[in-house]
Amino acid sequence: MQSIVHVVLAGLSNGMFIWLVASGLTLIFGVLGVLNFAHGSFYMLGAYVSFSLVRALSPHFYLAMLFGPLVVCLAGWAVERWFLRAVYRLELPYQLLLTFAFVLIFDNLVKIVWGAGALHPPPGLGPLEGSVEILGRKFPIYSLFVIAVGPLVALALWALLERTWIGRIVRAAASDREMAAALGVRVPALFTGVFIFGTWLGAVGGALAVPYVGVLTPGMGESIIIEAFIVAVLGGLGSLKGAFLGALVIGVLNAFGTRFFPAFDMALIFLLMAAVLLVRPRGLFGVARS
Amino acid sequence: MILELDRIDTFYGSSHVLQGVSLAVAEGEVVALLGRNGVGKTTTLRSVIGLTAPRAGSVRFQGQELRGLPPDAIARSGIAYVPDDHRIFPTLTAEENLDIARRLSPRRGAFGKAEVLELFPRLGDLLRHRGASLSGGERKMLAIGRALMAGPALLLLDEPSEGLAPLVVAHLTEVLERIRREGITILLADQNLRFCRRVCSRGYILEKGRVEHQGTMEAIWGDPAVVTKYLVV
Ligand SMILES: Nc1ncnc2c1ncn2[C@@H]1O[C@H](COP(=O)(O)OP(=O)(O)O)[C@@H](O)[C@H]1O
Ligand SMILES: [Mg+2]
């Protein structure tokens, strides 16, 4: 029992990182209609930039965590404004090809700037270092913090989209960009804004991962983007609610897999995805897109 | 003239749909675009609002050249567009569909939410409903209401009477008359000649992307040769 609770908690905190990447991915897909394969790269860049800032701004960890993702937003801006915008009209394979190119570009950028080897940030963050006892076993405080951040981000996103004017405009443009434009929405600028915001979400995930993962590698974007894709497909492409629940399920399932069937933990996830897609081809909360 | 199209050419990809369309609408007029299916009525309206921008010719609105401007800038200059398929935002409520138009427009006209609900009392019961749950007729009213909320000087209506029951068409006729009395100019595309005769003063008849005939609605209505050649299926 005790170990199961710990596995669930560890799974939830892992799931929150997947959620942060999947939320940006989902938002960008839902509004722009682009599947951004490079979204994991923003997570990676968020981690690396924040790592460097944590060192440079030490002991002001929080400033580093705040500014790191903002720096990555510049990369998001450049990608959307100068490259993606040109392929909105094209078929999905072209978009995937372009965004996949950015995966390679950002991987190499990281290798050039930070080196190809692994970096080892110290665990924890200021007052969030250390652990608390849960059912007689120690659990990192920082993981609890991460578990709290995920739902807060979900709640904030929901409020932003459903309860604010910018959210309504985003939803309008997501469902019908032509009509939105005909009513006065500057759609290209809106798309850039949404892409930057999605980038920020992924980069925040990366920044939060710095004191958590123990090791930064140039391939860390790829592993998380695969999980985020699975989550997005499982939840229904474009559905934030689906992405959130999907991330929780995948996170926890992954933790159980690693704990009890380490030989084939990813197989468990793919099995679940196949099973869900057999019953619901559009995912848990997917809707038909025109 | 509030709107002047001068020999515009509009394409879908490589297909040359509008071939030198010219027309003019005076302030306060209600003008019809007539013609059978596929002659280019919708494309003409889309050319004005900028959704399929003409590649040649000029579109002047209140003396300003619109060709080359993006649709959002054209909308803000005072033109509102009601597409034939309404294009209500499905995930927004009816009320949000109305409010968003006002929110996005820098202009204020005679029609606010109260006035729109007075024009279409039925919408009052539907304000909290999502756009996706409305019927075709309800969407049509909402789309006209949404366009009015933007405070336009010129209203573009695509097939406003299509698919409506005769009683509803009669109501729409009154609504358009009220809109006109507030000083809003209307350019509409419709295949219902009887309806156009009641609401429009003049008409342009399109055929294969060109203006083939123009005149007052009475003259068009009274010319059986024109009606059978260009309008009756
Ligand atoms: N999106 C499109 N792509 C290619 N051709 C189109 C498109 N929309 C309309 N057309 C063609 O343009 C011509 C004019 O269409 P349209 O303006 O919709 O006519 P109308 O509104 O008078 O029925 C038709 O031949 C139609 O097939
Ligand atoms: Mg048409």
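Between chain A and chain B, seven residue pairs are in polar contact, counting pairs with both residues at pLDDT 80 or more. The structure is a predicted model.

On the chain A side, helix 6 (165-175) and helix 7 (177-182) each supply at least two of the residues that touch chain B. Helix 6 of chain A provides the largest share of that side, namely six residues. Sorted by class, the side of chain A that touches chain B comprises nine nonpolar, two polar and six charged residues.

In terms of contacts, 17 residues of chain A meet 22 residues of chain B. The size of an interface is often expressed as the accessible area lost when the parts come together. Here, chain A and chain B bury about 1900 Å² between them, and 64% of this area lies on carbon and sulfur atoms. Within chain A, the residues that lose the most area to chain B are A:Trp165, A:Met179 and A:Leu183, which together account for 34% of what that side buries.

Charge pairing also occurs across this interface. Side chains of opposite charge can pair when their charged atoms come close.

| Residue in chain A | Residue in chain B | Closest N and O atoms |
|---|---|---|
| A:Glu178 | B:Arg46 | 2.6 Å apart |
| A:Glu162 | B:Arg130 | 3.8 Å apart |

For the salt bridge of A:Glu162 with B:Arg130, the positions of both partners can be given. A:Glu162 lies in helix 5 (residues 141-163) of chain A, and B:Arg130 lies in the loop between helix 4 (113-119) and helix 5 (136-149) of chain B, so the pair joins two chains.

A further feature is a pocket. Rolling a probe the size of a water molecule over the atoms shows where empty space is left. The second largest pocket has a volume of about 420 Å³. Its lining consists of 18 residues, and those nearest the centre are A:Asn14, A:Tyr43, A:Tyr212, A:Val213 and A:Glu227. Two or more lining residues come from each of helix 1 (2-32), helix 8 (187-213), helix 9 (220-235), helix 10 (240-260) and helix 11 (265-279) of chain A. By class, the lining of the second largest pocket divides into ten nonpolar, six polar and two charged residues.

Methods:
Residues are numbered from 1 along each chain as its sequence is written. Chains are lettered from A and ligands numbered from 1 in the order in which they are written. This is a predicted model: local features need pLDDT of at least 70, side-chain atom pairs count only at pLDDT 80 or more; totals for chains, interfaces and linings use all residues. Side-chain values use heavy atoms; hydrogens and water are left out. Contact means heavy atoms within 4.5 Å. Buried area is the accessible area (1.4 Å probe) that two parts lose on being put together, summed over both. A salt bridge is a side-chain nitrogen of Lys or Arg within 4 Å of a carboxyl oxygen of Asp or Glu. A polar contact is a pair of N or O atoms within 3.5 Å; within protein, one must be able to donate a hydrogen and the other to accept it, and residues adjacent in sequence count only if both atoms are side-chain atoms. Helices (H or I, at least four residues) and strands (E, at least two) are DSSP runs, numbered from the N terminus. Ala, Val, Leu, Ile, Met, Phe, Trp, Tyr, Cys and Pro count as nonpolar, Asp, Glu, Lys and Arg as charged, and the others, Gly among them, as polar. On a 1 Å grid over the protein atoms alone, a cavity is a set of points where a 1.4 Å probe fits but cannot get out, and a pocket is an open set with protein on both sides within 12 Å along at least five of seven lines; lining residues have an atom within 4 Å of a point. Grid points are joined across faces, edges and corners, and a volume is the space filled by probe spheres set on the points.
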